[in-house]
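Hi everyone, thanks for coming. Today I'd like to walk you through a structure that may be new to you, so let's bring it up on the screen.

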Amino acid sequence: MICPYFAEPLYYFYVPDLPGLFYYTYVPAMVVALVAGTIIFLSDRKSLPNRLLAAICLSFLVWTFCTFITWTNIHSDTILFAWSLLFPAASFLSIFSVYFTYVFLQRKDVGFRLKAIFTALLAPQLLLAPTAYSLSGFNLTQCDAFGFEGVINTVYPHVLGVFAMLWILVLLVQHYRRAEPGFKKQIALMGTGIELFLFSFFVTGFLGQYLTTIGFLPDSQLETYGYFGMIVFVVYITILMVRYHTFHASFIAAQALTAGLFILIISQFAFIRNSTNILLNLIALLLTTVMGFILIRSVKREIELRQHVEVLAKDLEKSNQQQIILIHFITHQIKGFVSKSRNIFAGLREGDYGVLPEAMVPMVEEGFRSDTKGAQTIQEILNAANIKSGKVSYVKESFDLKALIQEVVNDLTPTAAKKGLQLTSTLDDVTLTGDKTQLVNAFKNLIDNSIKYTPSGSVAVTLNKTDKAIHFEIKDTGVGITEEDMKNLFTEGGHGKNSQKVNVESTGFGLFIVKNIVEAHNGKVWAESEGEGKGSLFIVELPV
Amino acid sequence: MKLFVSLGKHFFFIFLTLLCALVVVASFYRFVIRHDYNVEYEAVCNPAEQACFEGTDENTGDTYFYAKVHKYVPDVPAECGRSVSDCQAASICLPGDTDCSITYCSNTSKLDSEVCAEIVPNEPLDTAPKSVTDTEPVL
């Protein structure tokens with residue numbers, strides 16, 4: 001049957017009576033969906049997000065193409081056949097959008113149960129599509145099937161669309177909260193794109209269809225505005241691809257964006273009749289061509305540059321790794337030699353090899369002291385390397401922090417006394433859960449550091465507890481810290497500008513180790529100083 | 001064994017692809033091959049005999065009269081070809097028609113945008129009672 005009051009389209013698809021906006025929305029949307037889907041799929045065929053994105057584009061393409069047929073064709077058989085595929089395509093669009101969101105957020109495929117739910121949600125639409133429950137007839141006068149559609153067409157796809165939008169929104173919010181800052185931006189971009197797309201698609205589609213069915217509108221032209229959503233979605237996806245290398249399509253995306261804009265402007269010629277508008281459109285076309293060329297060239301350069309930087313970064317990471325392995329190897333070996341030598345000196349000191357001649361004693365003492373310091377220095381470097389490579393594990397237990405710090409202070413009092421320094425402590429009763437061995441190391445490092453950098457005066461250690469935190473402070477009257485040195489203080493190997501003049505044996509790893517240990521206990525450490533020669537205050541804050 | 005593992009992994013896609021293919025084939029068979037659906041169209045109507053709807057040809061401005069026929073497509077007479085609106089044979093319901101009804105114009109059957117034709121008073125109306133009937137049942 002043919003619709004008697006409608007003309008056969010020219011070139012199969014062109015109907016002069018149709019408003020220009022119709023071609024302006026449908027044609028670019030179809031081309032954009034086709035180009036974007038193909039590019040994304042071909043850029044990485046094995047990637048699931050790419051496949052799903054291509055499936056979304058394909059569903060949209062089927063929907064748009066079938067709608068296009070229903071608008072331009074006048075043969076009832078063809079129109080009904082196309083009409084029957086519209087709503088399964090819309091349902092696929094909803095489900096693939098949810099599936100894609102899951103995979104994008106979790107970076108892995110969903111489980112069998114979720115796939116079964118997706119299939120169950122699609123099943124009614126698919127199974128009923130070829131039956132009279134979906135479409136029972138056709139109005140040749142109006143050349144449409146409005147009024148012959150079942151609930152499975154008029155309600156189900158739209159409900160599924162709204163359900164998908166809400167489902168995606170919940171997923172986005174859940175994952176956004178616990179995502180890393182870098183991924184948060186990707187979630188925001190992808191989420192906004194897909195939600196805008198679904199919203200424009202389903203809301204305008206539903207309103208267009210509903211208002212036509214109740215006779216409020218003469219036709220469902222309103223839904224054509226919703227197709228701009230696809231272009232918006234593709235723009236968001238393109239940003240993701242260019243900025244974050246998502247979907248591995250990078251450079252091609254810039255070309256696709258330019259091509260999309262180009263097609264969009266070209267298609268405006270379909271309905272522009274005014275010569276001024278034609279001229280303006282020509283200018284827009286020219287500008288888009290030039291700007292598109294510049295954009296593609298810039299993106300290409302940027303991508304090449306980024307790829308080069310990535311290669312360099314990988315090389316650097318590899319070198320760092322090799323350096324850590326080398327440090328480990330060397331320090332282990334040296335530590336073995338130094339320890340052996342230290343043990344010999346210890347044996348000599350304790351008379352294991354007989355009584356030493358008087359003249360040898362100072363030399364043996366010096367050798368023993370030097371080897372002990374050497375072993376400690378090597379251990380410090382080893383500790384820093386272990387922390388950096390994540391090999392340190394923390395065994396947490398509850399212990400008396402006051403007693404532990406008092407012990408450290410007692411151990412270091414002779415060292416301070418030797419320099420003529422006054423080492424005092426004011427400690428509150430505090431119990432803490434943490435790694436005792438590592439914390440001893442951290443506190444010892446801090447107090448020892450203050451003693452080393454204080455030529456004269458005093459070093460005062462305090463420990464107090466409030467409702468919110470535990471504060472451990474070391475205040476000295478030492479060389480102080482300049483603003484410039486403050487920046488490198490807790491960094492790996494971070495020496496102060498003049499620190500080596502005061503402490504030649506500094507490895508630069510001490511405060512780096514302290515910072516890592518404190519942070520492993522969810523605390524923080526920082527230093528305050530009014531400047532060079534004005535002393536320093538080191539503060540460790542630990543949670544209660 | 002590898003084939004089964006691969007099938008299991010891609011079950012969702014394979015199943016849905018097959019289902020989609022089935023839907024496309026079934027729809028094509030129903031609408032394009034079997035024409036298993038009803039059509040509603042404006043059929044020839046004589047205002048002297050029936051309460052016709054009145055329409056105006058947008059191109060010529062001529063007035064024409066019609067009744068709304070609802071018919072199962074395979075029952076539409078073959079001699080009407082693909083266009084049924086001007087075909088006399090498609091304007092009536094026949095015994096044996098699967099699903100057929102004719103709607104004439106009345107205050108209850110017409111939409112706001114539709115107009116009922118005024119019946120010419122001089123001509124006898126042998127089906128006068130029928131003219132007030134909204135819908136003629138299937139014969």
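Before we count anything, a word on terms: helices here are DSSP runs of H or I with at least four residues, strands are runs of E with at least two, and both are numbered from the N terminus. Counted that way, chain A has 16 helices and eight strands. Please keep in mind that this is a predicted model.

Let's stay with chain A for the overall picture. Of its 544 residues, 47% are buried. If we take the contacts in chain A with a separation of 6 or more, 72% of them join residues 24 or more positions apart.

Now let's look at a pair of helices. Helix α2 of chain A covers residues 48-72, helix α3 of chain A covers residues 76-106, and their axes come within 8 Å, crossing at roughly 155°. Angles over 145 degrees count as roughly antiparallel, so α2(A) is roughly antiparallel to α3(A). The crossing of α2(A) with α3(A) is left-handed. And what kinds of residues make up the contact of α2(A) with α3(A)? There are 25 nonpolar and five polar ones, and no charged.

Next, the nonpolar cores. The largest has 112 residues, and those with the most contacts inside it are I56(A), Y99(A), F118(A), F138(A) and V39(B). Which helix gives the most to this core? That is α3(A), with 21 residues.

Let's zoom in on F138(A). Leaving out residues up to four places away in sequence, F138(A) touches residues of chain A, including C3(A), I79(A), L80(A) and F148(A), as well as Y37(B), N38(B), V39(B) and E40(B).

To finish, two single residues. M165(A) sits in helix α6 of chain A, residues 156-178. Is M165(A) buried or exposed? Its relative accessible area is 11%, so M165(A) is buried. Not counting residues up to four places away in sequence, M165(A) touches E195(A), L198(A) and F199(A).

V235(A), in turn, belongs to helix α8 of chain A, residues 228-244. V235(A) has 31% relative accessibility, so this residue counts as partly exposed. Its C-alpha atom is 6.9 Å from that of L257(A), 22 residues apart along the chain.

Definitions and conventions: Residues numbered from 1 in each chain as written. Chains lettered and ligands numbered in written order. Predicted model: local features only at pLDDT ≥ 70, side-chain atom pairs only at ≥ 80, totals over all residues. Heavy atoms only, no water. Axes fitted to C-alpha atoms, helices over the stretch in contact; angles between N-to-C directions. Parallel < 35°, antiparallel > 145°, perpendicular 65-115°, else oblique. Left-handed = near helix turned anticlockwise from the far one by under 90°. Nonpolar A, V, L, I, M, F, W, Y, C, P; charged D, E, K, R; others polar. Core = buried A, V, L, I, M, F, W, Y, C linked by side-chain atoms within 4.5 Å. Buried < 20%, exposed > 50% of the residue type's maximum accessible area, 1.4 Å probe, protein only. Contact = heavy atoms within 4.5 Å.
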